[in-house]
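Good morning, and thank you for making time on the agenda. I would like to take you through one structure, which I will now put on the screen.

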Amino acid sequence: MHLPTAPIEWKTEYNVNISFIDEHHRKFVEILNRILEINNEASCGHNISEAFFSLVYYAEHYLIREQMYLKEYQNFQYHQDLHNQFIDRVTRFQDDFKKGKKNICSDMALYLYEWFENHILNYDKEATAFLKEKGHN
Ligand SMILES: [Fe+2]
């Protein structure tokens, strides 16, 4: 998978039409675009702590909130496992950065871009069908 060279622009097809989920996803794209920018500017070392801060915020506020709404979803356990793997991975990026590992910004940008494509546009979309049935909008 290759990283996009320009910032990701939100497309209407990304919407799941449940307002709080769309809001989370747009926020994630903002964070991802910032990390792509940092990576392109090669200013990783100076700006990466801001990126970690945003990702922790995303996990605490958005992933956890999503889970609260998805408790009765048939694939809840699997979905929660994916969220936990995401949190573990971000923590590992943080540890690796502290240890002085190279290429953290580019590795992380790639991982987050994959998360956008695989999780947000795929698993979350699937899960939100469940919320739609429950009458969320
Ligand atoms: Fe999710």
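Predicted model: local features only at pLDDT ≥ 70, side-chain atom pairs only at ≥ 80, totals over all residues.

I begin with the metal. Which residues coordinate the iron ion? The donors are Glu66 through OE, His79, His83 and His119 through NE2, and Asp124 through OD, at 2.0 to 2.2 Å. Along the chain, these donors of the iron ion follow the spacing E-x12-H-x3-H-x35-H-x4-D. Within that set, His83 in helix H3 and Asp124 in helix H4 link distant parts of the chain, being 41 residues apart. Both His83 and Asp124 are buried.

I turn now to the aromatic residues. The structure contains 13 aromatic pairs. One of them joins Tyr58 and Tyr62 in an edge-to-face arrangement, with 5.9 Å from centre to centre and 80 degrees between the planes. These two tyrosines are separated by about one helical turn, because they stand 4 residues apart in helix H2, which covers residues 44-70. Are they buried or exposed? Tyr58 has a relative accessibility of 1% and therefore counts as buried; Tyr62, at 11%, counts as buried too. Tyr58 and Tyr62 also belong to a cluster linked by ring pairs, whose other members are Phe28, Tyr57, Phe86, Phe93, Tyr111 and Trp115.

Charged side chains also meet the rings. Elsewhere, Arg65 lies over the face of Phe20, at 4.5 Å from the ring centre.

Two individual positions remain. Tyr14 is found in the segment before helix H1, residues 19-41. With a relative accessibility of 11%, Tyr14 counts as buried, since the limit for that class is under 20%. Which residues does Tyr14 contact, once its neighbours within four places in sequence are left aside? They are Glu9, Asp22, Phe116, Leu121 and Lys125. Of these, Lys125 is 111 residues from Tyr14 in sequence, yet their C-alpha atoms are 8.7 Å apart in space.

The other position is Lys102, in the loop between helix H3 (76-98) and helix H4 (104-133). Lys102 is exposed, with a relative accessible area of 65%. Its C-alpha atom is separated by 35 Å from that of Phe76, 26 residues away along the chain.

That concludes my presentation, and I welcome your questions.

How values were computed
Residues numbered from 1 in each chain as written. Heavy atoms only, no water. Buried < 20%, exposed > 50% of the residue type's maximum accessible area, 1.4 Å probe, protein only. Donors = N, O, S within 2.8 Å, 3.2 Å for Na, K, Ca; no water. Contact = heavy atoms within 4.5 Å. Phe/Tyr/Trp six-rings, centres within 6.5 Å; stacked < 30°, edge-to-face > 60°. Lys NZ or Arg CZ within 6 Å of the ring centre and 35° of its normal.
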